[in-house]
Amino acid sequence: MKPPELYFIDGAAPESSAPADAPPPWTETRVVGKAIPRVDAYERVSGTAVYPSDVVLPDMLYGAILRCPHASARVTRLDSAAAERLPGVRAVISGLTKAADVRWYYSRTVFTKLFDPRCRFQGEAVAAVAAETPEQAWDAVRAITVEYEVLPFVVDEREALAAGAPAVHEAGNRVGELERYQRGDVARGFAEADKVVEVSFRTAAEIHTPMELHGCVARWDGPRLTLWESTQGVYPVQQRVAATLEMPLAGVRVIGSYMGGGFGSKLQADKYHVVAAVLARLAARPVKLFLTREETFLCVGNRPPANMRLKAGVKKDGTLTALELTCLGSGGAYPAGGTSLVDWLVRDLYTCPNVRTECTDVYINGGPSRPFRAPGHPQGAWALEQMMDALAAAIGMDPVELRLKNVPAFSQGREGNPPYTTTGLERCLTEGAEAFGWHEARRRPRGSGPVKRGVGVAAGLWVAGGGGPPSTVIVKLFPDGSANLNMGASDIGTGTKTVMAMVVAEELGVPLERIQIENADTGTTEYATASGGSKTVPTESPTVRAAALAVKGQLFDLAAAELKVPATELRIEGEEVASRSDPKARKRIAELEGLRRRGVLVGVGVRGPNPEGKVINPFAAQFCEVEVDTRTGEVRVVRFLSCNDSGRVMNRLTYESQVIGGVTMGIGLALTEQRVFDRQTGKVLSANWHDYKIPTVMDVPPEITSLPIDRPDPAANTTGAKGLGEPVTIPTAATVANAVYDAVGVRVVESPISPMRLAALLAARGTRG
Ligand code: MOS
């Protein structure tokens, strides 16, 4: 069986054979692994960091987009004459504008137009305006007259294949062929089981809603376009915009600077880039176009809903005999991977000889989905990890024991069953349970009052750990001993710059505050894939290390001549180059005459290939304790522990930040987050931060503990890191659901576990407080 196509990570396919000149793994480190505050912390918290949304250019106009208010409609007439006459308006574009007659694809198979008269979801772009002020732009948007033929819609994926359901696309609502996977014989597996459990699960659609809105500033210099863009990857945006506008890659410069979160929704270019570029060209002025918060809820991606029917067989001793998953999901109105990777954990997380999965993707009249922090995995974990809990109860086994019984030795879901470089699942479960006090907590009484306590566990792995080529990085060392790190990967708020500076400091001894890091910019920094897939650290840190080592080699050659010792005898001590044998042969880097004469040393690092025939996956186990108020149905997460095997811990502090962020996000999936459509109108009812509730600091436990299995993975790459950002959110929602079950004996199969839903379930069982 083929592994799933990692559609959201371009260029991440591992190449074969290890490079002969790969540096050996670090045996000890002085900087890497420490808890070091972010090198750009002051800039970020003081407001001096310039984000794309802060960019203001002389002569700049403001753009705004008119969006279809209907779930399904056809534009029958559009008149922008009145809008064009309004004060301050400098350009109006629509499907009637020649310069805006541009092909667009949401996926590689279904083409539409930048402004297509057939609108398949609420929020589709219909026209756009550039004006002197944002207010004038929005006034002009409102002054455009549009007549729509409102069409029937379907916004619930469970109804999309019903007879008579409105067709989102002419060919019907099924997206391509069924995705099927099979190994062994599930019928035989179920026959061999002592217990068979079958449950239907559902996760609601989630919206990324990162703190910084989606948007850009577009400016033309003659034939060359520059975009300041809040993005996870400047190169993917460059590629897409160049292709759409039929321009050479070199003609599109994308500048990343700081960015305020993406979670997968900013991995790719969107229509607004092209809209801003076309407006800027017509008006011959720079255009700033940032979406409103409400727009971002409609049209820049979501974690698609998943309906999962899971059947599992287990023997009394905990051996899994069969797993069968059928999944129905929808990436919205365009093929966008609705069920992509939802089945991966069922295929790969636990040892099981007989597995069958079948995934059906349908169209609905909703905004296209995008990769969302561990695409498919938290949904799959919601089903599989609650099922493991149910199986443990069915055979009277501890849920941690049941998981330990089925820890895999190799990747069963991939062709040829390749081994993992390292498998930390067993250690995550045992060391996590120990640190959490799992066994004591399980024995504690649930509480005699209306508030019940419970504990839960869940585990996970992430399919795309380890990163891989391509990436190129340049490190420069100046005669005063300061350094410049030139890297094309964006720091999307995760601490990438800090970790990479630490790698430079490790190899060259340059203090962190003396390392200048360039922001991702296709005009000045080298090629990198988008920051995503938990691959930024395992992809870029070996590349940065290679670049720093290239500088170090040159530095030692210079110093060897000056100190009159062999270069092989030299090492970095603090900010000095020193001989290992002769204590007198040493010199501060800033005092090397050869370096001063040269002006700068330049080291180029290129990411080497991943190991052949091995799979690099991060693993995780999480534990939590909840309080459930049986009168109101409210769930409070009291404490949470995340035990992660992500290879080497590069920075203990940013590592912990990822854990806290991922757990917070997973608590949102478990308890509050859901996109809600109005069934009468097909419109999104939860299109703002008031009606769509993401957890705040008040909604997460004060105690979120990060317990790393700090074991460098030397087979993975030359820094030994495997990737963390996504594994930390995969088991979280299931952990909470399992704790709720432990507290009140009710299995909430559908997310979110809202007070209303839980109170109704408790009332139905007669256990409401
Ligand atoms: Mo992530 S969903 O690859 O940003």
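Let us start with A191, which is exposed, with a relative accessible area of 65%; buried means under 20% relative accessible area, exposed over 50%, and partly exposed in between, using a 1.4 Å probe and protein chains only. A191 lies in helix 4, residues 186-192. Here helices are DSSP runs of H or I with at least four residues, strands are DSSP runs of E with at least two, and both are numbered from the N terminus. From A191 to T321, 130 residues apart along the chain, the C-alpha atoms are separated by 8.7 Å.

A word on the source. This is a predicted model, in which local features need pLDDT of at least 70 and side-chain atom pairs count only at pLDDT 80 or more, while totals for chains, interfaces and linings use all residues. Residues are numbered from 1 along each chain as its sequence is written, and side-chain values use heavy atoms, with hydrogens and water left out.

I turn now to helix 5, residues 234-244. Because 9 of its 11 residues are buried, helix 5 is largely enclosed by the rest of the structure. The buried residues are V234, Y235, P236, V237, Q238, R240, V241, A242 and T244. What do the buried residues of helix 5 pack against? They pack against strand 4 (103-105), strand 12 (224-229), strand 13 (252-255) and helix 6 (271-283), where contact means heavy atoms within 4.5 Å. Just after helix 5, E246 takes a positive phi of about 55°.

Helix 9 comes next. Helix 9 covers residues 377-395, 19 residues in total, and reaches 26 Å from its first C-alpha to its last, close to the 27 Å expected at 1.5 Å a residue; the expected span is 1.5 Å times one less than the number of residues. Of those 19 residues, 17 are buried, so helix 9 is largely enclosed by the rest of the structure. G396 follows helix 9 and has a positive phi, near 65°.

Two packed helices are described by the angle between their axes and the distance between the axes. Axes are lines fitted to C-alpha atoms, for helices over the stretch in contact, and angles run from 0 to 180 degrees between N-to-C directions. Helix 9 packs with helix 17, residues 732-744, at an angle of about 35°, with the axes 8 Å apart.

Helix 13 (residues 496-508) and helix 14 (residues 536-563) pack at an angle of about 30°, and their axes are 9 Å apart. That angle makes helix 13 roughly parallel to helix 14, since angles under 35 degrees count as roughly parallel, over 145 as roughly antiparallel, 65 to 115 as roughly perpendicular and the rest as oblique. Helix 13 also passes helix 14 in a right-handed crossing. Among the contact residues are V499, M500 and V503 of helix 13, and V544, A548 and L549 of helix 14. The residues of this contact divide into 10 nonpolar, 3 polar and 4 charged.

T654 touches R38, T494, G495 and V499, not counting residues up to four places away in sequence. T654 sits in helix 16, residues 652-671, and is buried, with a relative accessible area of 7%.

T209 has a positive phi of about 35° although it is not a glycine. Finally, the peptide bond from P469 to P470 is cis, with omega near 5°, and the bond from S751 to P752 is cis, with omega near -5°.

Notes. A crossing is left-handed if the near helix is turned anticlockwise from the far one by less than a right angle, and right-handed if clockwise. Ala, Val, Leu, Ile, Met, Phe, Trp, Tyr, Cys and Pro count as nonpolar, Asp, Glu, Lys and Arg as charged, and the others, Gly among them, as polar.
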